[in-house]
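Please read it with the structure open.

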Amino acid sequence: MTSNATICSKSRIFPVTHVLFDLDGIIIDSETIYEKISKDLAQEYGKTYSKQLKSKVMGTPEFETCKTIVDELNLPISPGEFLKKYEEKVLNELRHPALLPGVEDIVGHLHKHAVPIAIATSSRQDIMEMKTKPHRRLVDLFHHVVCGSSDPDVKNNKPAPDIFLVCASRFPENPDPSKCLVIEDSPNGVLAALNAGMQVVMVPNPDLDPRHPIRDKATLVLTSLEHFRPELFGLPAKK
C-alpha cells in the first residue's frame, strides 16, 4: 500500500456487498465546525477544549457529546443547558458544510454500479436534514439514512454496534454483518463497526494522535477517501 493507505497487519480483507457511511467527518466537513462550537462554549467558562477531548466525543450523539464535555471540563452548567447552547450554535453554523474530498466520486461510483449504500449517523433526524440540505442530490443516492439520536431501534450509542446493525437490517437483502463495510472517521465509530462484526475503513480526523491504538484495529486506514480502492473489498474498481 502507499503512504496514503495502511492495512492493519492483523487484518484480512474479505469481499463485501454493502457499504455503510458515517456522515460527519466522512461525507461532510462538519467536525471542524463542531470543534469550533465546543471550543467557543468551553472558553465562555475559562476552559480549554483539547484535541484529546475532541477524539473522545467524536461519533457520539449530541447529548452524550455535551455531557462528556461538561463532565470532563467540570463546567458549572448542566448537560441539558449546555446542549441547548450547543444546538443553537449548530443551527447557526452548520447550515452549509462542504463535502469532503473523494466522497462524491466514490458514492457516485458505488451507486452507478448498484452497490447498496446507506448512511449511519449519530445525529438527530432534524439536525441531519439541516446539515445535508445543500447536498440532497448526493444523499438521495443512498438507500436509507439511520439517525442514532432519534431512531427508536438504536438502543445504544457508538461504540455499541446498534446503529450499524440497524442500518444493515434496513436493506431489502438484510445482509450478514460480515458482508458490510463501514467507512468511519472516529474511534467510537470504528469500534462500533468492529463490534457489529463488520470490516471498517477509517479515514481519521487529522487531529487524531498518530499513535492512537484504534488505527491498528481498523481494517484499512486512509488519509482521504480519494485513495479508496473498492476493488480491495470485491467491489467494482474505479477507472
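In which loop is Pro159 found? Pro159 sits in the loop between strand 4 (145–147) and helix 8 (162–169). The model is predicted, and in it the peptide bond from Lys158 to Pro159 is cis, with omega near 15°. Most peptide bonds are trans, and most residues other than glycine have a negative phi.

**Positive phi**

Asn74 is not a glycine, yet its phi is positive, at about 55°. Asn74 lies in the loop between helix 3 and helix 4 (79–93). A second case is Ala114, also a residue other than glycine, with a positive phi near 60°. Ala114 belongs to the loop between helix 5 (103–112) and strand 3 (117–121). Are these sites buried or exposed? Asn74 is exposed, because its relative accessible area of 62% is over the 50% cut-off. Ala114 likewise counts as exposed, at 65% relative accessibility.

**Cavity and pocket**

Rolling a probe the size of a water molecule over the atoms shows where empty space is left. By the rule applied here, the count is one cavity of 30 Å³ or more.

| Site | Volume | Lining residues | Nonpolar | Polar | Charged |
|---|---|---|---|---|---|
| Largest cavity | About 250 Å³ | 21 residues | six nonpolar | seven polar | eight charged |
| Largest pocket | About 390 Å³ | 24 residues | 10 nonpolar | eight polar | six charged |

Which residues of the lining lie nearest the centre of the largest cavity? They are Glu31, Tyr34, Gly59, Thr60 and Thr65. Helix 1 (31–43), helix 2 (51–57) and helix 3 (62–73) each supply at least two residues of this lining. Helix 1 gives the most, with four residues.

About 390 Å³ of space lies in the largest pocket. Closest to the centre of the largest pocket are Val203, Pro204, Asn205, Pro206 and Thr223. Strand 1 (5–7), helix 1 and strand 7 (220–222) each contribute at least two residues to the pocket lining.

**Helix 1**

How far apart are the end C-alpha atoms of helix 1? They are 18 Å apart, which agrees with the 18 Å that its 13 residues should span at 1.5 Å a residue. The expected span is 1.5 Å times one less than the number of residues. The buried residues of helix 1 are Glu31, Ile33, Tyr34, Glu35, Ile37, Ser38, Leu41 and Ala42. Glu31 and Tyr34 are also among the residues nearest the centre of the largest cavity. What covers the buried residues of helix 1 includes helix 2, helix 3, helix 4 and helix 6 (125–132).

**Cysteines**

The structure holds zero disulfides. Cys167 is buried, with a relative accessible area of 0%. Cys180 is buried as well, with a relative accessible area of 0%.

Terms used: Residues numbered from 1 in each chain as written. Predicted model: local features only at pLDDT ≥ 70, side-chain atom pairs only at ≥ 80, totals over all residues. Heavy atoms only, no water. 1 Å grid on protein atoms, 1.4 Å probe; cavity = no way out; pocket = protein on both sides within 12 Å on 5 of 7 lines; lining within 4 Å. Points joined across faces, edges and corners; volume = space filled by probe spheres on them. Nonpolar A, V, L, I, M, F, W, Y, C, P; charged D, E, K, R; others polar. Buried < 20%, exposed > 50% of the residue type's maximum accessible area, 1.4 Å probe, protein only. Contact = heavy atoms within 4.5 Å. Disulfide = S-S within 2.5 Å.
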